[in-house]
Amino acid sequence: RCGSETEGKERDGASDNETKSDSGVPEVPVSADDTPEVLNKALSGLSSRWKNWWVRGILTLAMISFFFIIIYLGPMVLMMIVLCVQIKCFHEIITIGYSVYHSYHLPWFRTLSWYFLLCVNYFFYGETVTDYFFTLVQREEPLRILSKYHRFISFALYLTGFCMFVLSLVKKHYRLQFYMFGWTHVTLLIVVTQSHLIIHNLFEGMIWFIVPISCVICNDIMAYMFGFFFGRTPLIKLSPKKTWEGFIGGFFATVVFGILLSYVMSGYRFFVCPVEFNNDSNSFTVDCEPSELFQLQDYGLPPVLKSITGWTTVKLYPFQIHSIALSAFASIMGPFGGFFASGFKRAFKIKDFANTIPGHGGIMDRFDCQYLMATFVNVYIASFIRGPNPSKVIQQLLALRLDQQLHIFNSLKAHLTEKGLLPALEEAA
Amino acid sequence: SHLQGSYGEGEMEGDSKADTPDVPPSTDNTPQCLNKALEGLSSRWKNWWIRGILSLTMIIGFFLIIYLGPIMLILVVMGVQIKCFHEIITIGYRVYHSYDLPWFRTLSWYFLICVNYFFYGETVADYFGALVQREEPLQFLVRYHRFISFALYLAGFCMFVLSLVKKHYRLQFYMFAWTHVTLLIVVTQSHLVIQNLFEGMIWFIVPISIVICNDIMAYLFGFFFGRTPLIKLSPKKTWEGFIGGFFATVVFSFFFAYLLSQYQYFVCPVEYNSETNRFAVECEPSNLFMIQEYTLPAVVQNAKTVNLYPFQIHSIALSTFASLIGPFGGFFASGFKRAFKIKDFADTIPGHGGIMDRFDCQYLMATFVHVYITSFIRGPNPSKVLQQLLVLQPEQQLSIFNTLRNHLGEKGMLPPAVEEAQ
C-alpha cells in the first residue's frame, strides 16, 4: 500500500512536496493487543474473525452499561466524565500530531499544549459557573472577583501562553512549531468547545444529553446491522464499508428509536428538569414542574394515518416531535463527522486514533460522529426551544446603570401593560 | 541539501523546507512618479524615502476615513479583513502547492462569507434593534440567526468532506485547518475592532494610533540609540528601541487621549438613528470623558492637583499593552515568515509589503481593547438586555419586572406614586 501511494503521488507531478515525505512517515506500530486476559481465555476456541466480532460486541455492551450507570449517578458524575473524555480526546489528537511531525523533542511544546487546554477550559468553565451558580458566586468574595473579571483573567492567561510560544521559537524548528501551534488550536476548537456545549445541553435537562448521544449510537449500530444484512451499494469512496442500504435503514430505525426513547424518558422528572444548583443543600437537584414540552398533548393525525390505524388523535409529548429533528440530524449529518474522521485517519495514515478500547480503537473513534451532534443540539435549543436564561438577564439588568435600569423598567411596564399582564392599578402611575 | 543532513532522521515534514521554492523576487510596485522624483538617490536612501512617503500617505488616509465617519470605517475594516484573509490563504496555497485542489478556493471564500455572516448578523441584531423590529424578513433572520449560520457552515463542512480526493487527503486537511486558523485570527479580530468602534470612535482611533506610534518610535529610538539586540527572531529590534518606544508611546497616548476626549464626535457611542436612517454620534459624554481633579501622589512636592480625563488613565493601560505585548504579535508574524521562508506577506504596499505586514502588531491590540472595555468600562448593552427581556415568557417577564421594581424602589429611583401602588 505504501508503495502504490508514493507512485500515485509521483504521477501527480511535483506538486505535493509536502506530502512526498509521506513515504518517509513510519507506519504506526502494530496495535498492541489490549484485550484483557479473561476475555482472551473465554474466546480462545474461536477463529480470529469471530473472536474480533465477539470482542467488539462485548465491549459495546460494556460501554452502554457504563453509560447507564453514570446517568444513574447523576449530573455531577456526568460532568466529570465529559471532562475526562475531553482530556483523553485532546491527548489522543495531540499525540497523533507529535508522531506525524516527529516533534517529541520540541522545546516546551508538551507543556504549552496542556497549558492552552487548561486556559480554554478555565475560560469555558468560568462562564458556565458564572451562569449557573450565580448566587453561590455572589456569596464568596474571591469567587465574585474572579467572576467579574473573568474574561480579562482568561485573556491574560492565554496571552502568557502566546508569549511563551513566541519566546520558545527555535531557529531550526520554526515550521514545526507553527504547525503544532495550529494543530493544538484546531484541536481545542473541535474538542473543547464541543464538550462545553454538551455540558450546556446537560444543564437544560439530562434528556437533551441522553437522547442525542443515544441516537448517534443507535444510528451507528443500526447502519452497521442494515449494512451487514442488506448492504450492496457503496456510499462514499472514503469509507468503503458504508452502504446506501445501511444509511437509509439506519435513518428510519433511528427515527423510530428516537421517538420511542423520548416517550419513555419524558415521563420522568429526573431526565426532563433543568439541572439546578441548590444553594442550601450545595448539590444539584432535578426537581421542577415539567415544561409544556414534556406534557402529553393531543395531535390530530393526518388523514393518511387515520385510515391506516383508525385513530383520530394520538397522545404525544411535543418533545417527541423535536426528537424526530434530532434523530434525522444524527442519521444524515452524523455520518459526515465519521467521514471527516476517516479522511483524517487516511490522510495521516493511522488505523485508529489510539488503542484505548479493545476492538474499537481510541476514545475519538467512538466519538467521531458526536462532534456535530452536540453543536446542533445546542443551536437547536437556543433557536427553537428556549429563550435567554432569565437569571442571566436579571444579572445583566442589575449590572446596568440606574438610569438605564429605569428606562428599561418603563419600557417593560409599557410592554406588560399592553399585554394585559399588569393590573389596572399600576396604570395610574 | 546539507540542511537535510543536519535535521537527522526525525524531521521528515520539515525536510521539505529545502524543497520549497523561494518566493519570486518582489515586483516593484512603486508608482512611476515616485521613481522619477527619487532617481538621483542611492538605493538605500531611496528605500527610506519610499517607506517614509508611504507611511505619511497611510496616516493621511487614516485621518481621511475617520473624517468620513463610522460607515466608511466599517467598510474599510471589512476591506482590510478580506485582503488579509486573501494574503494568508495565498501563502497557504504556495506552501502546499495546492492551486489545483478541487473546490478549495471556493470553500475558503465560502467559509469566510459564513463566518462574516454570523458575526455581522450578531452585530446587526444588537445595534440595529429598532430597524430589525420593523422589517419582517429581518426579524425572521435575526430570530433564527444562529441556526441559519450553523446550517450554512455545515453545508460548507459537508462540501469539504465530499470533496476529499484520494491522492490529496493530507493537503486538503492542511488547507482546511489553515483556513480555519486564519478565520479565527483575522475575522474575529476585525469584528472586535468594529465592536470597539461602536463604543466610541476614540476606542478605535487611540489603540490603532498607539500601535503605529510604538512602531515608529521603537524604530527611531533603535535607529539612533540601538545597541543590544532584543530577540533572535527579529535581529533589527533592540532593547533601546523597545524601552524608548515604550515611554514615548505612553506620553504620546496621554496627550492624544487628552486631545480627542474633548470632541463628542469621538467620544460618543455610535448609534443608529431609525428615523434618519443614519449613524449618529451625539450624546452626553460619560464620566470617563469629563475632566476630574486628581491629586498628585505625595512624592511630588507641593501636593498639587491636576485636571485629567479619566480616559487618560485608561490610555496608559492601553499604551503599556501596546508597547510591551504588541511586539509579540510582530515576533509571531516574523517567526511565521521565517518558518515559511517568505520575506513579506504580499507586495501590496511599496516599501512595506502586504497589508498583513502593517497589521501584525494590531492583532492582539483589538482583542485586548475589547476585553478591557467589557471588563472595566461598560456593563452589558442596555438595548440588548431589553431585547432579551422581550423574548422571555410573560411569567418570567413579570417576575423580572417585580424584582426590578423592588430593586429600583430600594434605590429611591421610582416616583412615589408607583411605590404607593405596591
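**Salt bridges, helices and a few buried residues**

Across all chains there are five salt bridges, a salt bridge being a side-chain nitrogen of Lys or Arg within 4 Å of a carboxyl oxygen of Asp or Glu. Before going on, some ground rules: this is a predicted model, local features need pLDDT of at least 70, side-chain atom pairs count only at pLDDT 80 or more, and totals for chains, interfaces and linings use all residues. Residues are numbered from 1 along each chain as its sequence is written, chains are lettered from A and ligands numbered from 1 in the order in which they are written, and side-chain values use heavy atoms, with hydrogens and water left out.

Now the two chains in outline. Chain A has 21 helices and six strands, while chain B has 20 helices and six strands. Helices (H or I, at least four residues) and strands (E, at least two) are DSSP runs, numbered from the N terminus.

In chain A, 47% of the 429 residues count as buried; in chain B, buried residues make up 47% of 422. Buried means under 20% relative accessible area, exposed means over 50%, and partly exposed is in between, with a 1.4 Å probe and protein chains only.

For chain B the area is about 21400 Å², and carbon and sulfur supply 63%. These areas come from the Shrake-Rupley method with a 1.4 Å probe; for residues, only the protein chains shown count as cover.

As for contacts, meaning heavy atoms within 4.5 Å, take those in chain A with a separation of 6 or more: residues 24 or more positions apart account for 69% of them. In chain B, among contacts between residues at least 6 apart in sequence, 68% join residues at least 24 apart.

A:Lys88 pairs with A:Glu92, and their closest N and O atoms are 3.4 Å apart. Both residues lie in helix H5 (residues 75–101) of chain A, four residues apart, or about one turn of the helix.

A:Gln86 is buried, with a relative accessible area of 2%. Setting aside neighbours within four places in sequence, A:Gln86 is in contact with A:Leu117, A:Asn121, A:Val191, A:Val192, A:Ser195 and A:His196.

A:His196 turns up again in the next residue's contacts. A:Thr128 is in helix H6 (residues 109–132) of chain A and is buried, at 6% relative accessible area. Beyond its neighbours within four places in sequence, A:Thr128 touches A:Phe133, A:His196, A:His200 and A:Phe203.

The next salt bridge joins the side chains of A:Arg151 and A:Glu127, at 3.4 Å from N to O. A:Arg151 lies in helix H9 (residues 150–167) of chain A and A:Glu127 in helix H6 of chain A, so the pair ties together parts that are 24 residues apart in sequence. Both ends are partly exposed: A:Arg151 has a relative accessible area of 41%, and A:Glu127 has 25%.

In chain B, the side chains of B:Glu122 and B:Arg146 form a salt bridge, 3.4 Å from N to O. This pair links distant parts of the chain, with B:Glu122 in helix H6 (residues 104–127) of chain B and B:Arg146 in helix H9 (residues 145–162) of chain B, 24 residues apart. B:Glu122 is partly exposed at 24% relative accessible area, and B:Arg146 is partly exposed at 46%.

That brings me to the packing of H9(B). How is H9(B) oriented against H10(B), roughly parallel or roughly antiparallel? H9(B) packs with helix H10 (residues 169–199) of chain B at an angle of about 160 degrees, and their axes are 12 Å apart. The axes are lines fitted to C-alpha atoms, for helices over the stretch in contact, and angles run from 0 to 180 degrees between N-to-C directions. H9(B) and H10(B) are therefore roughly antiparallel; angles over 145 degrees count as roughly antiparallel, under 35 as roughly parallel, 65 to 115 as roughly perpendicular, and the rest as oblique. The contact is made by B:Tyr153, B:Phe157 and B:Phe160 of H9(B) and by B:Gln172, B:Phe173, B:Phe176 and B:His180 of H10(B).
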